[in-house]
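Let's take a walk through this model, starting with its charged pairs and ending at its ligand. Keep the structure open beside you as you read.

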Amino acid sequence: MATEKTFYIETFGCQMNAHDSEKVIGTLQQQGYRQVESEEEANLILYNTCSIRDKAEQKVFHRLNDYKALYKQGKRFGVLGCVAQQEGEKIFERAPFVSLVSGSASYRKLPEMLVRLESGETRITGLDDRQTEETFETDFTARLNPYRSYITIIEGCDKFCAYCVVPYTRGKERSRGSASVLEEARRIADMGYTEIQLLGQNVNSYRDPEGNRSFAELLAAVGQVPGIRRVRFTTSHPRDFTRDIVEAIDAVPTLCDHIHLPVQSGSAKVLKQMAREYTPEWYLERISWIKAARRQISLSTDIIVGFPGETPDDFIQTMNLLAEVEYDCVFAFKYSPRPNTPALTMIDSIPEIEKSARLQALLDRQREIQRVNYAKHLGKTLEVMVEGVNPARGQIAGRSSQNKPVNFTSSHGIAPAPGSYQNVRITATHPNSLVGEAV
Ligand code: SAH
Ligand code: SF4
Ligand code: F3S
């Protein structure tokens, strides 16, 4: 009799990857596999990788090397995700004990790849790249987060920003039909979830293949699914950001009052070199629509500092943009050269120490902006969705609709369940979180 089929999976990278892993896990379970908690317990070991920055591929090879002795015990290794797509068959050369290499654009073939793996094949690839038109839809998605459910509505990216690997690792942009998205939203609500996060590398570039709904209309329709109390969506791209998204948020209270709109730089010259295809003015016009909404909508962004050719003056323009927009959260990164990208041929002449100094200056400035923004909540009552309890500090952690972390205490004695809602009066504020007590 064959031994029991068990797998271990570890996930790196963005929420798309986290949700892909939920789909992969569901598919494996459907094929009779059982998930285990460590490499040692598993007979199939999977890494769902990310290659967005910082020599990510090296980290994957280190990780594989740490565990390669397990191959002799008959365990099999698979590399999934963005490093898999990027490095392709080279992975077999550097790590010959790996049997499966598949990028996300080929996961729909996973059942077939698993059968080949079980029959003893050792060099199985799913590297469809940009040819694919299909999305990875499955009826078996494992939903592992107890309070938040994800739906991928669009996969891939056709934007080709000069610094970015994603168009090469996740394939061509392709959207899922709106009827199927809504059906899944209803199914999720029936399971008891109240929060849905719509996902896409550029979620608002969504184009309904059935031609029925715009992104804003889909957003509104998901927000009206009975039982759903919070709808989030990430990541929005400024190029495709239309006014009707703001109108939908104003009209449908379940749509969260938070928009993540990555700007990358405040300099028109740098944006041009990044091939972002907008100017700071164009971006700020979208911000003005958001700020003119009836609901106060929280803003967050991504910034890259030290892009090739970024002068001190370009950097100051980014700092000025931060001060103008007054974001509630900023994810800032030092530029990191990535394989295959056009920016690789640009001269990356800014010394590492200068990139670090700019990053630090930006984070310090942003901290002060957030200190002021967060302080505005003092004394107010917010609805918080509970995410977890920190028994050591007797504190309950959750998030406001604006996505701000709220840590609070409750005099009710029993800890509320993850996914439940609590009104919390804010008694103290920090630059990154709010503190309060349940009312
Ligand atoms: N599709 C989204 C972003 C996806 S990648 C958008 O276009 O806005 C997430 C973030 O990683 C990017 O917003 C960018 O800030 C950062 N990033 C991507 N490539 C990078 C690189 N080569 N070096 C540093 N940061 C990078
Ligand atoms: Fe990368 Fe640009 Fe596509 Fe965003 S839009 S995923 S930054 S190429
Ligand atoms: Fe990383 Fe791929 Fe996501 S590179 S950030 S896992 S799209």
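Arg143 and Glu184 join their side chains in a salt bridge, with N and O 2.4 Å apart; the term stands for a side-chain nitrogen of Lys or Arg within 4 Å of a carboxyl oxygen of Asp or Glu. This pair links distant parts of the chain, 41 residues apart: Arg143 sits in the loop between β6 (124–126) and β7 (149–152), and Glu184 in helix α7 (residues 178–190). Helices (H or I, at least four residues) and strands (E, at least two) are DSSP runs, numbered from the N terminus. Both Arg143 and Glu184 are buried, where buried means under 20% relative accessible area, exposed over 50%, and partly exposed in between (1.4 Å probe, protein chains only).

A word on the ground rules: this is a predicted model, in which local features need pLDDT of at least 70 and side-chain atom pairs count only at pLDDT 80 or more, while totals for chains, interfaces and linings use all residues. Residues are numbered from 1 along each chain as its sequence is written, chains are lettered from A and ligands numbered from 1 in the order in which they are written, and side-chain values use heavy atoms, with hydrogens and water left out.

The structure holds 33 salt bridges. Side chains of opposite charge can pair when their charged atoms come close. Here are two further pairs:

| Salt bridge | N to O distance | Relative accessibility |
|---|---|---|
| Glu195 and Arg148 | 2.6 Å | Glu195 0%, Arg148 10% |
| Asp348 and Lys355 | 3.1 Å | Asp348 32%, Lys355 3% |

Asp348 counts as partly exposed, whereas Lys355 is buried. Salt bridges with shared partners join Arg148, Glu195, Arg232, Glu387 and Arg399 into one network. Within the Glu195 and Arg148 pair, Glu195 belongs to strand β10 (residues 195–199) and Arg148 to the loop between β6 and β7, so this bridge ties together parts 47 residues apart in sequence.

Now for the ligand. Which residues come nearest to ligand 1? Of the 17 residues around it, these are Gln201, Gln264, Arg276, Asp302 and Ser336, a residue being near if one of its heavy atoms lies within 4 Å. By class, the shell has six nonpolar, six polar and five charged residues. Strands β13 (298–305) and β14 (329–334) each supply at least two residues of that shell.

Several polar atoms of the protein approach the ligand. An oxygen atom of ligand 1 lies 2.7 Å from a side-chain N or O atom of Gln264, and a polar side-chain atom of Arg53 is 3.0 Å from an oxygen atom of ligand 1. Ser336 brings a backbone N or O atom to 2.8 Å from a nitrogen atom of the ligand. On its own, ligand 1 has 550 Å² of accessible area, and the protein covers 91% of this (Shrake-Rupley method, 1.4 Å probe).

Asp302, one of the residues that come nearest to ligand 1, lies in strand β13 and is buried at 16% relative accessibility. Leaving aside neighbours within four places in sequence, Asp302 is in contact (heavy atoms within 4.5 Å) with His260, Pro262, Val263, Gln264, Phe331 and Phe333.

Finally, look at Ser236, in the loop between β11 (230–234) and α9 (243–251). Ser236 is buried, at 1% relative accessible area. Beyond its neighbours within four places in sequence, Ser236 has contacts that include Val203, Asn204, Phe241, His260 and Pro262.

Key:
Polar contact = N/O pair within 3.5 Å; in protein donor to acceptor, adjacent residues only side chain to side chain. Nonpolar A, V, L, I, M, F, W, Y, C, P; charged D, E, K, R; others polar.
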